[in-house]
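Visitor: I have a structure to look at and some questions about it. Could you take me through them in order?

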Amino acid sequence: TPAAAFSAPLSCASMRLAAAAPTMATLHKDGVHIHTSTPPVPAPGPPVIIPLEGVSHFDISPSGKYVTTLQKPEACSGEGARALCIWDVSTGDKPRLCLALAHRKNEKGGVQSMWPALQFSSDEKCVVRLATNEVQVFVTDLQDPMAAAPLRRVRVENIASGAVSPAKDTLMVAAYVPEIKGAPASVRVYNVQLSDDQLVNHTATPVEATPEPIARRSFFRCSSVKLMWTPVTGEGCLVVAESSVDATNQSYYGEQKLHYLSHDGSIDQQVELLKEGPIHDVQWSPIGRDFIVVHGFMPAKTVLFDAKCKPIFDFGSGAYNMVRYNPFG
(Lines give C-alpha, C1' and ligand atoms only; values in the text may rest on other atoms or scores of the structure.)
Protein backbone atom coordinates (compact mmCIF):
# COMPACT_ATOMS: atom_id res chain seq x y z
CA THR A 1 0.00 0.00 0.00
CA PRO A 2 1.14 3.61 -0.42
CA ALA A 3 1.19 4.16 3.34
CA ALA A 4 3.63 1.30 3.84
CA ALA A 5 5.98 2.59 1.14
CA PHE A 6 6.99 5.87 2.78
CA SER A 7 10.55 5.85 4.05
CA ALA A 8 9.72 8.43 6.74
CA PRO A 9 6.59 9.16 8.77
CA LEU A 10 4.03 11.29 6.95
CA SER A 11 2.51 14.13 8.96
CA CYS A 12 -1.12 14.92 8.10
CA ALA A 13 -4.43 15.76 9.77
CA SER A 14 -6.21 12.65 8.41
CA MET A 15 -6.05 10.19 5.55
CA ARG A 16 -8.22 8.08 3.25
CA LEU A 17 -7.29 4.98 1.27
CA ALA A 18 -8.85 4.08 -2.09
CA ALA A 19 -10.72 0.79 -1.80
CA ALA A 20 -9.52 -0.68 -5.10
CA ALA A 21 -6.30 1.17 -5.95
CA PRO A 22 -2.85 1.82 -4.43
CA THR A 23 -3.80 5.44 -3.80
CA MET A 24 -4.02 7.47 -0.61
CA ALA A 25 -5.32 10.99 0.10
CA THR A 26 -4.01 13.00 3.05
CA LEU A 27 -5.25 16.29 4.51
CA HIS A 28 -2.88 19.20 5.13
CA LYS A 29 -3.16 22.94 5.77
CA ASP A 30 -2.50 23.73 2.11
CA GLY A 31 -5.05 21.23 0.79
CA VAL A 32 -5.40 17.54 -0.02
CA HIS A 33 -2.38 15.53 -1.19
CA ILE A 34 -2.85 12.40 -3.33
CA HIS A 35 -0.13 9.75 -3.21
CA THR A 36 -0.10 6.90 -5.74
CA SER A 37 2.19 3.89 -5.83
CA THR A 38 2.67 2.58 -9.37
CA PRO A 39 4.09 -0.96 -9.75
CA PRO A 40 6.85 -2.02 -10.04
CA VAL A 41 8.03 1.10 -8.16
CA PRO A 42 6.83 0.56 -4.57
CA ALA A 43 7.31 4.09 -3.26
CA PRO A 44 4.95 6.91 -4.31
CA GLY A 45 6.33 9.80 -6.32
CA PRO A 46 5.61 13.47 -5.58
CA PRO A 47 1.99 13.92 -4.51
CA VAL A 48 -0.70 15.55 -6.60
CA ILE A 49 -2.00 18.51 -4.57
CA ILE A 50 -5.49 20.00 -4.53
CA PRO A 51 -4.67 23.53 -3.30
CA LEU A 52 -7.61 24.27 -0.98
CA GLU A 53 -7.54 25.86 2.44
CA GLY A 54 -10.09 25.13 5.14
CA VAL A 55 -11.05 21.62 4.01
CA SER A 56 -13.24 20.08 6.72
CA HIS A 57 -14.14 16.77 5.03
CA PHE A 58 -12.68 14.81 2.12
CA ASP A 59 -12.94 11.38 0.54
CA ILE A 60 -11.43 9.37 -2.31
CA SER A 61 -13.33 7.23 -4.81
CA PRO A 62 -12.77 3.43 -4.88
CA SER A 63 -10.64 3.63 -8.05
CA GLY A 64 -8.60 6.53 -6.70
CA LYS A 65 -9.51 8.69 -9.71
CA TYR A 66 -11.70 11.22 -7.90
CA VAL A 67 -11.41 13.13 -4.64
CA THR A 68 -14.36 14.86 -2.95
CA THR A 69 -13.73 17.93 -0.80
CA LEU A 70 -15.90 20.07 1.46
CA GLN A 71 -14.60 23.43 2.67
CA LYS A 72 -15.54 25.15 5.91
CA PRO A 73 -18.08 27.99 5.49
CA GLU A 74 -15.55 30.63 6.52
CA ALA A 75 -13.09 29.36 3.88
CA CYS A 76 -15.63 29.33 1.05
CA SER A 77 -18.17 32.13 1.31
CA GLY A 78 -19.72 34.79 -0.85
CA GLU A 79 -22.04 34.76 -3.84
CA GLY A 80 -21.49 31.82 -6.16
CA ALA A 81 -19.34 29.92 -3.65
CA ARG A 82 -19.00 26.19 -4.27
CA ALA A 83 -17.86 24.42 -1.11
CA LEU A 84 -18.56 20.82 -2.23
CA CYS A 85 -16.36 19.70 -5.11
CA ILE A 86 -15.16 16.62 -6.99
CA TRP A 87 -11.67 16.62 -8.50
CA ASP A 88 -10.15 14.32 -11.11
CA VAL A 89 -6.67 13.56 -9.77
CA SER A 90 -5.68 11.11 -12.52
CA THR A 91 -4.85 13.82 -15.08
CA GLY A 92 -1.26 14.44 -14.03
CA ASP A 93 0.26 16.99 -11.70
CA LYS A 94 -2.70 19.38 -11.78
CA PRO A 95 -6.10 18.15 -10.49
CA ARG A 96 -9.09 18.99 -12.68
CA LEU A 97 -12.34 20.27 -11.17
CA CYS A 98 -15.20 18.02 -12.34
CA LEU A 99 -18.19 19.04 -10.22
CA ALA A 100 -18.79 22.06 -7.97
CA LEU A 101 -21.88 22.46 -5.78
CA ALA A 102 -23.10 24.95 -3.23
CA HIS A 103 -23.42 23.54 0.28
CA ARG A 104 -25.38 25.13 3.10
CA LYS A 105 -24.05 24.81 6.63
CA ASN A 106 -27.04 22.75 7.84
CA GLU A 107 -27.25 20.55 4.75
CA LYS A 108 -26.93 16.76 4.89
CA GLY A 109 -23.41 15.46 4.45
CA GLY A 110 -21.74 18.26 6.37
CA VAL A 111 -21.23 16.14 9.47
CA GLN A 112 -19.02 13.10 9.84
CA SER A 113 -21.92 10.68 10.42
CA MET A 114 -23.39 11.59 7.01
CA TRP A 115 -20.15 11.91 5.07
CA PRO A 116 -19.47 11.43 2.19
CA ALA A 117 -22.07 13.90 0.94
CA LEU A 118 -21.58 12.56 -2.61
CA GLN A 119 -21.61 8.78 -3.11
CA PHE A 120 -20.22 7.25 -6.32
CA SER A 121 -21.90 4.70 -8.54
CA SER A 122 -19.93 1.49 -9.15
CA ASP A 123 -18.55 2.79 -12.48
CA GLU A 124 -17.96 6.27 -10.98
CA LYS A 125 -19.81 7.95 -13.87
CA CYS A 126 -22.44 9.28 -11.45
CA VAL A 127 -22.68 10.52 -7.90
CA VAL A 128 -25.71 10.55 -5.62
CA ARG A 129 -26.43 13.40 -3.24
CA LEU A 130 -28.94 13.27 -0.38
CA ALA A 131 -30.58 16.69 -0.29
CA THR A 132 -33.53 17.96 1.75
CA ASN A 133 -36.46 15.61 1.00
CA GLU A 134 -34.93 14.23 -2.18
CA VAL A 135 -32.23 12.11 -3.80
CA GLN A 136 -30.24 13.82 -6.55
CA VAL A 137 -28.09 12.19 -9.25
CA PHE A 138 -25.25 14.05 -11.03
CA VAL A 139 -22.72 12.99 -13.63
CA THR A 140 -19.14 13.30 -12.42
CA ASP A 141 -17.42 14.67 -15.53
CA LEU A 142 -18.75 18.04 -16.70
CA GLN A 143 -17.31 20.53 -19.20
CA ASP A 144 -18.62 23.34 -16.99
CA PRO A 145 -18.42 22.06 -13.40
CA MET A 146 -19.74 25.34 -11.97
CA ALA A 147 -23.04 24.85 -13.85
CA ALA A 148 -23.72 21.41 -12.39
CA ALA A 149 -27.38 20.45 -11.98
CA PRO A 150 -28.97 17.13 -10.98
CA LEU A 151 -30.08 15.07 -13.96
CA ARG A 152 -32.51 13.07 -11.86
CA ARG A 153 -34.35 14.08 -8.68
CA VAL A 154 -36.41 11.60 -6.68
CA ARG A 155 -38.65 12.99 -3.94
CA VAL A 156 -38.26 11.16 -0.61
CA GLU A 157 -39.97 13.05 2.19
CA ASN A 158 -37.91 13.36 5.40
CA ILE A 159 -34.97 11.31 4.14
CA ALA A 160 -32.30 11.27 6.85
CA SER A 161 -29.52 9.10 5.36
CA GLY A 162 -28.84 6.67 2.55
CA ALA A 163 -26.38 4.33 0.86
CA VAL A 164 -25.64 3.65 -2.80
CA SER A 165 -25.63 0.03 -3.96
CA PRO A 166 -22.42 -1.40 -5.46
CA ALA A 167 -24.45 -3.18 -8.19
CA LYS A 168 -22.89 -2.71 -11.63
CA ASP A 169 -25.96 -2.68 -13.87
CA THR A 170 -28.41 -0.51 -11.92
CA LEU A 171 -27.92 2.53 -9.70
CA MET A 172 -29.94 1.96 -6.53
CA VAL A 173 -30.15 3.88 -3.27
CA ALA A 174 -31.30 2.62 0.13
CA ALA A 175 -32.96 5.59 1.84
CA TYR A 176 -33.72 5.81 5.56
CA VAL A 177 -36.78 7.75 6.72
CA PRO A 178 -37.15 8.05 10.53
CA GLU A 179 -40.33 7.71 12.60
CA ILE A 180 -42.58 10.74 12.16
CA LYS A 181 -45.99 11.47 13.74
CA GLY A 182 -46.66 7.87 14.70
CA ALA A 183 -45.60 6.40 11.36
CA PRO A 184 -42.87 3.73 11.54
CA ALA A 185 -39.34 4.29 10.37
CA SER A 186 -38.49 2.68 7.05
CA VAL A 187 -35.69 1.82 4.68
CA ARG A 188 -36.68 2.06 1.03
CA VAL A 189 -34.77 1.07 -2.09
CA TYR A 190 -35.12 3.28 -5.17
CA ASN A 191 -33.87 2.76 -8.70
CA VAL A 192 -32.19 6.05 -9.68
CA GLN A 193 -30.36 4.86 -12.79
CA LEU A 194 -29.72 7.49 -15.45
CA SER A 195 -30.70 6.78 -19.05
CA ASP A 196 -28.11 6.56 -21.83
CA ASP A 197 -29.33 9.92 -23.14
CA GLN A 198 -28.80 11.54 -19.75
CA LEU A 199 -25.29 10.14 -19.47
CA VAL A 200 -24.33 11.36 -22.96
CA ASN A 201 -26.27 14.61 -23.37
CA HIS A 202 -26.72 15.53 -19.70
CA THR A 203 -30.47 16.08 -20.06
CA ALA A 204 -32.40 16.57 -16.83
CA THR A 205 -35.82 15.10 -16.03
CA PRO A 206 -38.59 16.64 -13.86
CA VAL A 207 -38.73 15.87 -10.15
CA GLU A 208 -40.35 12.49 -9.47
CA ALA A 209 -42.86 13.55 -6.81
CA THR A 210 -44.32 10.16 -5.85
CA PRO A 211 -41.71 7.51 -6.66
CA GLU A 212 -42.52 3.90 -5.89
CA PRO A 213 -39.72 2.09 -4.02
CA ILE A 214 -38.74 -1.29 -5.38
CA ALA A 215 -38.19 -2.60 -1.83
CA ARG A 216 -39.24 -1.43 1.62
CA ARG A 217 -38.82 -2.47 5.26
CA SER A 218 -40.63 -0.67 8.14
CA PHE A 219 -40.00 -0.85 11.89
CA PHE A 220 -40.64 1.03 15.13
CA ARG A 221 -38.28 2.04 17.97
CA CYS A 222 -35.52 3.35 15.74
CA SER A 223 -33.53 6.58 16.04
CA SER A 224 -30.75 5.79 13.51
CA VAL A 225 -29.64 3.08 11.11
CA LYS A 226 -26.50 1.62 9.59
CA LEU A 227 -27.01 0.55 5.96
CA MET A 228 -24.79 -2.23 4.59
CA TRP A 229 -25.24 -3.38 0.98
CA THR A 230 -24.06 -6.79 -0.15
CA PRO A 231 -20.53 -6.20 -1.51
CA VAL A 232 -19.94 -6.50 -5.26
CA THR A 233 -23.47 -7.56 -6.26
CA GLY A 234 -25.73 -5.25 -4.24
CA GLU A 235 -28.32 -8.03 -4.05
CA GLY A 236 -29.52 -6.99 -0.61
CA CYS A 237 -29.05 -4.56 2.24
CA LEU A 238 -28.53 -5.26 5.93
CA VAL A 239 -30.02 -2.62 8.21
CA VAL A 240 -28.85 -2.21 11.80
CA ALA A 241 -31.71 -0.27 13.41
CA GLU A 242 -30.71 1.43 16.65
CA SER A 243 -32.80 3.01 19.38
CA SER A 244 -31.27 5.16 22.12
CA VAL A 245 -33.69 3.64 24.65
CA ASP A 246 -34.05 -0.06 25.45
CA ALA A 247 -37.75 -0.79 26.01
CA THR A 248 -36.84 -3.75 28.25
CA ASN A 249 -34.48 -1.66 30.46
CA GLN A 250 -31.80 -4.35 30.13
CA SER A 251 -29.20 -2.26 28.33
CA TYR A 252 -27.82 1.19 29.08
CA TYR A 253 -26.73 1.47 25.44
CA GLY A 254 -30.20 1.22 23.91
CA GLU A 255 -31.59 -1.43 21.61
CA GLN A 256 -30.54 -2.75 18.19
CA LYS A 257 -32.32 -4.93 15.65
CA LEU A 258 -30.97 -6.39 12.42
CA HIS A 259 -33.10 -6.38 9.27
CA TYR A 260 -32.54 -7.49 5.69
CA LEU A 261 -34.22 -6.51 2.45
CA SER A 262 -33.38 -7.70 -1.04
CA HIS A 263 -32.81 -5.25 -3.88
CA ASP A 264 -35.99 -6.34 -5.70
CA GLY A 265 -38.30 -6.47 -2.67
CA SER A 266 -38.74 -10.25 -2.76
CA ILE A 267 -37.37 -10.56 0.80
CA ASP A 268 -37.74 -8.22 3.77
CA GLN A 269 -37.34 -9.65 7.24
CA GLN A 270 -35.80 -9.30 10.65
CA VAL A 271 -32.68 -11.43 11.08
CA GLU A 272 -33.31 -13.82 13.96
CA LEU A 273 -30.25 -13.69 16.22
CA LEU A 274 -29.32 -16.44 18.66
CA LYS A 275 -28.87 -14.41 21.84
CA GLU A 276 -30.63 -11.46 23.45
CA GLY A 277 -28.77 -8.21 23.86
CA PRO A 278 -27.04 -5.52 21.81
CA ILE A 279 -25.54 -5.93 18.35
CA HIS A 280 -21.83 -5.19 18.69
CA ASP A 281 -20.75 -5.58 15.07
CA VAL A 282 -21.96 -6.78 11.66
CA GLN A 283 -19.71 -7.42 8.66
CA TRP A 284 -20.39 -8.78 5.17
CA SER A 285 -17.88 -11.11 3.59
CA PRO A 286 -15.95 -9.18 0.89
CA ILE A 287 -17.54 -11.42 -1.75
CA GLY A 288 -21.04 -11.05 -0.31
CA ARG A 289 -21.67 -14.74 0.26
CA ASP A 290 -22.25 -14.51 4.00
CA PHE A 291 -22.03 -12.16 6.98
CA ILE A 292 -21.04 -12.35 10.65
CA VAL A 293 -22.89 -10.83 13.60
CA VAL A 294 -21.38 -10.31 17.06
CA HIS A 295 -24.34 -9.92 19.39
CA GLY A 296 -25.82 -10.51 22.81
CA PHE A 297 -24.98 -9.61 26.38
CA MET A 298 -21.45 -10.52 27.41
CA PRO A 299 -20.06 -13.00 26.77
CA ALA A 300 -21.23 -12.10 23.26
CA LYS A 301 -22.05 -14.70 20.62
CA THR A 302 -20.47 -14.65 17.16
CA VAL A 303 -22.49 -16.30 14.39
CA LEU A 304 -22.00 -16.74 10.65
CA PHE A 305 -25.13 -16.31 8.49
CA ASP A 306 -25.60 -17.12 4.81
CA ALA A 307 -26.96 -14.57 2.34
CA LYS A 308 -30.51 -15.79 3.11
CA CYS A 309 -30.03 -14.85 6.79
CA LYS A 310 -29.83 -18.46 7.99
CA PRO A 311 -27.24 -19.24 10.72
CA ILE A 312 -24.66 -21.68 9.36
CA PHE A 313 -21.87 -21.62 11.97
CA ASP A 314 -21.59 -20.61 15.62
CA PHE A 315 -18.13 -19.41 16.65
CA GLY A 316 -19.13 -19.60 20.31
CA SER A 317 -19.24 -16.95 23.02
CA GLY A 318 -16.57 -14.71 24.47
CA ALA A 319 -15.53 -11.15 25.24
CA TYR A 320 -15.95 -10.05 21.61
CA ASN A 321 -17.24 -6.77 20.21
CA MET A 322 -15.69 -6.56 16.74
CA VAL A 323 -15.23 -8.80 13.70
CA ARG A 324 -13.24 -8.37 10.46
CA TYR A 325 -12.81 -10.52 7.34
CA ASN A 326 -9.57 -10.94 5.46
CA PRO A 327 -9.63 -9.08 2.11
CA PHE A 328 -10.40 -12.28 0.17
CA GLY A 329 -13.47 -13.32 2.15
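This is a predicted model: local features need pLDDT of at least 70, side-chain atom pairs count only at pLDDT 80 or more; totals for chains, interfaces and linings use all residues.

Visitor: How many helices and strands does the chain have?

Guide: The chain runs to 329 residues, and 47% of them count as buried. Among contacts with a separation of 6 or more, 44% join residues 24 or more positions apart. As for the elements, the count is 2 helices and 24 strands.

Visitor: Take strands β22 and β23. In which sense do they pair, and over how many bridges?

Guide: Strand β22 covers residues 290–295, and β23 covers residues 300–306. His 295 has a bridge partner in β23, namely Lys 301. The two strands pair in the antiparallel sense, over 6 bridges.

Visitor: Which strands stand at the edges of the open sheet of 4 strands?

Guide: The order in this sheet is β21-β22-β23-β24, and the pairing is antiparallel. An edge strand here has a single partner strand, so one of its sides is left without a neighbour in the sheet. Neighbouring strands are turned by 15° against each other on average, direction ignored. The strands at the edges are β21 (279–284) and β24 (311–318).

Visitor: Met 322 is in the segment after β24. Is Met 322 buried or exposed?

Guide: Met 322 touches Asp 281 and Val 294, not counting residues up to four places away in sequence. Its relative accessibility is 54%, and the cut-off for exposed is over 50%. Met 322 therefore counts as exposed.

Visitor: How far apart in space are Met 322 and Gln 283?

Guide: In sequence, Met 322 and Gln 283 are 39 residues apart. In space, taken from C-alpha to C-alpha, the distance is 9.1 Å.

Visitor: Now the largest pocket. Which element gives the most residues to its lining?

Guide: About 1800 Å³ of space lies in this pocket. Elements that give two or more residues to its lining include β5 (55–60), β9 (118–120), β13 (161–164) and β21. The element that gives the most, with 6 residues, is β17.

Visitor: How many of the lining residues are nonpolar, polar and charged?

Guide: The lining of the largest pocket consists of 48 residues. Those nearest its centre are Ala 19, Pro 62, Gln 119, Val 164 and Leu 227. By class, the lining has 28 nonpolar, 14 polar and 6 charged residues.

Methods. Residues are numbered from 1 along each chain as its sequence is written. Side-chain values use heavy atoms; hydrogens and water are left out. Two strands pair if DSSP finds at least two bridges between them. Axes are lines fitted to C-alpha atoms, for helices over the stretch in contact, and angles run from 0 to 180 degrees between N-to-C directions. On a 1 Å grid over the protein atoms alone, a cavity is a set of points where a 1.4 Å probe fits but cannot get out, and a pocket is an open set with protein on both sides within 12 Å along at least five of seven lines; lining residues have an atom within 4 Å of a point. Grid points are joined across faces, edges and corners, and a volume is the space filled by probe spheres set on the points. Ala, Val, Leu, Ile, Met, Phe, Trp, Tyr, Cys and Pro count as nonpolar, Asp, Glu, Lys and Arg as charged, and the others, Gly among them, as polar. Buried means under 20% relative accessible area, exposed over 50%, partly exposed in between (1.4 Å probe, protein chains only). Contact means heavy atoms within 4.5 Å.
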